[in-house]
Amino acid sequence: MSFLRRRSGTPAGPDFDVLAMDPGDWPGLFGAAVMTGPDGSCQGIFLRYDLFGGRGPAMFIGNLPEGSPARDTPDGVPFEVRQLLQALEVEEPVEFVSAEDFPVMLRDDLLIVKKVKVSEGRVFCAQFDRSDQVQVTIASWDRPIADDLYQLLKPLPGEMFQQG
């Protein structure tokens, strides 16, 4: 993946907890990448969940703080969708089709999830904003995102994602 690299020797990572599925709960391989800005600040955390058997990535989850350049893409296709397609070596162009808000119950809270539709029909994408203004984007390959998935998301401490 082509993420920005930090330039200083100081460990960089998020100053927020990362909402994700616990790697111990995932039946395949798990990877994480930190997107850092030129000043070394954390511009996002991206989690890649691969399936066993070399079947490739099944899902990307991005946590992007306010001000991250990856939040606002000029064509409306979420950054995580582009990363998922790149990892899968899908070279066909993909375009934004539509977005629609859906209410989802998350324990005792109501979560408004924006489901993003793109021209690649095997990609499923959902986005929502956390109370700390971090945008979470889930991009899934060939597996619809069910409401149950949101129940599996847990805050993982930002310290887990420090670069050394």
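This is a predicted model: local features need pLDDT of at least 70, side-chain atom pairs count only at pLDDT 80 or more; totals for chains, interfaces and linings use all residues.
## Overall fold

The protein chain contains 2 helices and 9 strands. Read from the N terminus, these elements follow the order β-β-β-β-α-β-β-β-β-α-β.

Of the 164 residues in the protein chain, 46% count as buried, and the accessible surface of the chain comes to about 8,900 Å², with 50% of that area belonging to carbon and sulfur atoms. Among the contacts in the protein chain with a separation of 6 or more, 55% are between residues 24 or more positions apart.

N63 belongs to strand 4, which covers residues 57–64. With a relative accessible area of 0%, N63 falls under the 20% limit and therefore counts as buried. The side chain of N63 reaches the backbone nitrogen of L19, and the distance between them is 3.0 Å.

Leaving aside residues up to four places away in sequence, N63 touches F16, V18, L19, G44, I45, L47, R130, V134, Q135 and V136.

## Aromatic pairs

A search of the whole structure finds 3 aromatic pairs, and two of these are described here. F30 and Y49 form a tilted pair, with 5.2 Å from centre to centre and 55° between the planes. This pair links distant parts of the chain, since F30 is in strand 2 (residues 29–36) while Y49 is in strand 3 (residues 42–50), 19 residues apart. F30 counts as partly exposed because its relative accessibility is 30%, which lies between the limits of 20% and 50%, whereas Y49 is buried, with a relative accessible area of 0%.

The rings of F128 and Y150 form an edge-to-face pair, at 6.0 Å from centre to centre and with 80° between the planes. Because F128 lies in strand 7 (residues 123–129) and Y150 in helix 2 (residues 147–152), the pair ties together parts that are 22 residues apart in sequence. Both F128 and Y150 are buried.

## A lysine over a ring

A ring also takes part in a contact of another kind, in which K115 lies over the face of F102, at 4.7 Å from the ring centre.

Note on methods:
Residues are numbered from 1 along each chain as its sequence is written. Side-chain values use heavy atoms; hydrogens and water are left out. Helices (H or I, at least four residues) and strands (E, at least two) are DSSP runs, numbered from the N terminus. Buried means under 20% relative accessible area, exposed over 50%, partly exposed in between (1.4 Å probe, protein chains only). Contact means heavy atoms within 4.5 Å. Accessible areas come from the Shrake-Rupley method with a 1.4 Å probe; for residues, only the protein chains shown count as cover. A polar contact is a pair of N or O atoms within 3.5 Å; within protein, one must be able to donate a hydrogen and the other to accept it, and residues adjacent in sequence count only if both atoms are side-chain atoms. Rings of Phe, Tyr and Trp (its six-membered ring) pair if their centres lie within 6.5 Å; planes under 30 degrees apart count as stacked, over 60 as edge-to-face and the rest as tilted. A charge sits over a ring if NZ of Lys or CZ of Arg is within 6 Å of the ring centre and within 35 degrees of the ring normal.
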